[in-house]
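Take a look at the structure below.

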Amino acid sequence: MQRTSLPPEDRSLSPYTGWTRAHWEAVADGLLTAALRHAGPCHALIALPGPRPSWSGPRSDALEGYARTFLLAALRVAGAGGQDPLRLLDRYAEGLAAGTRCPTGERELTGRDPVAWPAVTDRGQAMVEAASVALALRLTRPWLWDRLPARTRTRAADWLAGALRHTPVDNNWWLFQVTVGGFLAETGHHTEAAERAVAQGLSRIEQWYLGEGWYTDGRPRAFDHYNGWAFHLYPVLHAHLADDGRLLDRYGTRLAAHLGQYAHTFGGDGAPLHQGRSLIYRFASAAAPWAGALTGHTPLSPGTTRRLASGTLRHFLDHGAVDDDGLLTLGWFGSCPPLVQPYSGPASPYWASKGFLGLLLPPGHPVWTAVEEPAPAERGDAVVPVRGAGWLIQSTAADGLVRVHNHGSDNQPVGEVLPDDPLYARLAYSTATGPVFEGTADNHFALLDGGEASERGPIVPLGTGPGWAASAHRPRVGGAELPGVGVTSLVLANGVEEVHAHLVTGAADGTRVRHTGWAVAGNAVETAGTGDGARVRVTRSALVSEAVALHGLDTATTEPVPAGTAFGPAAAVPVLTGTVTGEECLFVSAVRLSGAGTAPPAARVAVEAAPTGHRLRVHWPDGCRREALIRADEVTVASDGD
């Protein structure tokens, strides 16, 4: 986004970001103007340029370009009370009529209708896009749908109804049926099937709700941003638009609980947590805070809500998420091919349109008129347990960094073990670093079996509490478990400091182990050492990644990552190594990700054998103490001074 196209900053109203509602409107207009240059005949398909198509093919990708930008246009126009100076709705109305005039898919294959939309099929991408189209139509109904000829409405409703008849992927996709069904029921089309789809979809997601505002996305332990931009967003929006107080009470209460923890995952620079799939949706992470403000189900003040949302939008625009042609790229900042899942195509990043949900709130709403307040990460150091997800959120106000220690999310399916996914299986994620896709895995504990590093595989959470989280796993090499070997892992966090402990059981004497820290990208200055207290420090501009061997680990070094991460090239990873001795062997380290200029880790750590297990005592610099008893597959933590 060209800086010249944005209004002047208002640091009185928005002391943290400088941005106001006018900035959101200008960004929305800029994104839409750039995308619409690529609209095809009749505006039915918007084929954006990109390095490759998705696995659904170019026609589906072009439908995605229409549907996802239509949602942004709908939020822009509905938020302006129907005012449409760019004549957006005329274009999307024309595209709707053309795209659905032949929805069977047969003519698409024969080439008789070059603009027909793909039909909705079982687990097909068109089901996803049908939800965006339906939501956009619902938001703009007085200015678009109600003015269409009856024949066009019928054809469009028939195409959308394909989402009610076909099988979704067994995860958040059930909410696409809810979204389509909600619109069709409201407009009197396919009413019985639509109402059934809403009830069925909402019923289906109940099995994945784990309490305290957290859902798992279909698989037993798959936690990520889909909680905010799907599981909470769609039910709450449906309830709000349907004026269904009963549903809004249920799903709004859950949203508020989620926001109480989710708000802590935004960094002081506005960055959302870099974890999970579909990260190319970027500022869609602002959708959940906006939804809370829109429905009144939020623990956040209006000034905090806008600070989080404007912060994340500005963060990405300031870091090159939009290319020279004004289009969102397939990546985090700029393009990053390893970050992109095969289901994503050139228009996929426009699911970020959900992040503009706040435009539905009128200009006089407190979320736009209140003075910005600091984000949770800026108010003071915090360590927040997320029990449902098995996460521990650690944030520090001095540098604005947020780290999430992961002892509960692995994205593994039922009945099958897949290779570790770097976006789910790491021990920790942050707002300023990304996982390594090629090279030595960051934030990982591995046994080195014949030189090959073991994978974590399915994670068994052992608990999360004030200042700690723990889990167990059976290390795997080449897809198979190492026979009889187990790893029990614990993290203790306080302020900027982390202490990690890994108890290895059943491994052969002499087996080498490796614990890695945070991968920082860019030009790095590295120091390393050997022996007791060996430490390694990697510095990249304003970031420091450090690891110190405290017990059982004897060598500290760095591993270069030439391919870098989503945050930049030429990353480096701190590495600590040690050797298994005995049937049970404990490895302890201090790890840190912090702003430059911070002091080295200063926690005092003592390890001793207990009658059953290993006792770990940590004395933090602020006077707090933590004591943990670690046994195979079991961790008990006590505290003093919290």
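Where is the place of His-43? His-43 sits in the loop between helix 1 and helix 2. Keep in mind that this is a predicted model.

Is His-43 buried or exposed? Its relative accessible area is 6%. Buried means under 20%, so His-43 counts as buried. Leave aside the neighbours within four places in sequence, and His-43 is in contact with Leu-36, Tyr-66, Arg-91, Tyr-92, Glu-94 and Gly-95.

Now follow the chain into helix 2, residues 58–79. This helix has 22 residues, and at 1.5 Å a residue it should span 32 Å. Its end C-alpha atoms are 32 Å apart, which agrees. How many residues of helix 2 are buried? The count is 20 of the 22, so helix 2 is largely enclosed by the rest of the structure. After helix 2 comes Gly-81, with a positive phi near 65°.

What does helix 2 meet? Two packed helices are described by the angle between their axes and the distance between the axes. Begin with helix 1, residues 21–36. The axes of helix 1 and helix 2 come within 10 Å and cross at roughly 140°. This crossing is left-handed. On the helix 1 side, the contact includes Arg-21, Glu-25 and Asp-29. On the helix 2 side, Leu-72, Ala-73 and Arg-76 are among the residues that take part. By class, this contact has six nonpolar, two polar and four charged residues.

Turn next to helix 3, residues 88–99. The axes of helix 2 and helix 3 also come within 10 Å, and they cross at roughly 145°. The crossing of helix 2 and helix 3 is left-handed. Here Tyr-66, Thr-69, Phe-70, Ala-73 and Val-77 of helix 2 meet Leu-88, Leu-89, Tyr-92, Gly-95 and Leu-96 of helix 3. The residues of this contact divide into eight nonpolar, two polar and no charged.

Now step back to the core. In soluble globular proteins, nonpolar side chains tend to be buried together. The largest nonpolar core in this model has 139 residues. Leu-96, Leu-160 and Phe-356 have the most contacts inside it. The largest share of this core, twelve residues, comes from helix 2. Which residues does Leu-96 touch, not counting those up to four places away in sequence? They are Tyr-66, Trp-117, Val-133, Leu-137, Leu-144, Trp-145, Leu-148 and Ala-156.

Conventions
Residues numbered from 1 in each chain as written. Predicted model: local features only at pLDDT ≥ 70, side-chain atom pairs only at ≥ 80, totals over all residues. Heavy atoms only, no water. Core = buried A, V, L, I, M, F, W, Y, C linked by side-chain atoms within 4.5 Å. Buried < 20%, exposed > 50% of the residue type's maximum accessible area, 1.4 Å probe, protein only. Helix = DSSP H or I, 4+ residues; strand = E, 2+ residues; numbered from the N terminus. Contact = heavy atoms within 4.5 Å. Expected span 1.5 Å × (residues − 1). Axes fitted to C-alpha atoms, helices over the stretch in contact; angles between N-to-C directions. Left-handed = near helix turned anticlockwise from the far one by under 90°. Nonpolar A, V, L, I, M, F, W, Y, C, P; charged D, E, K, R; others polar.
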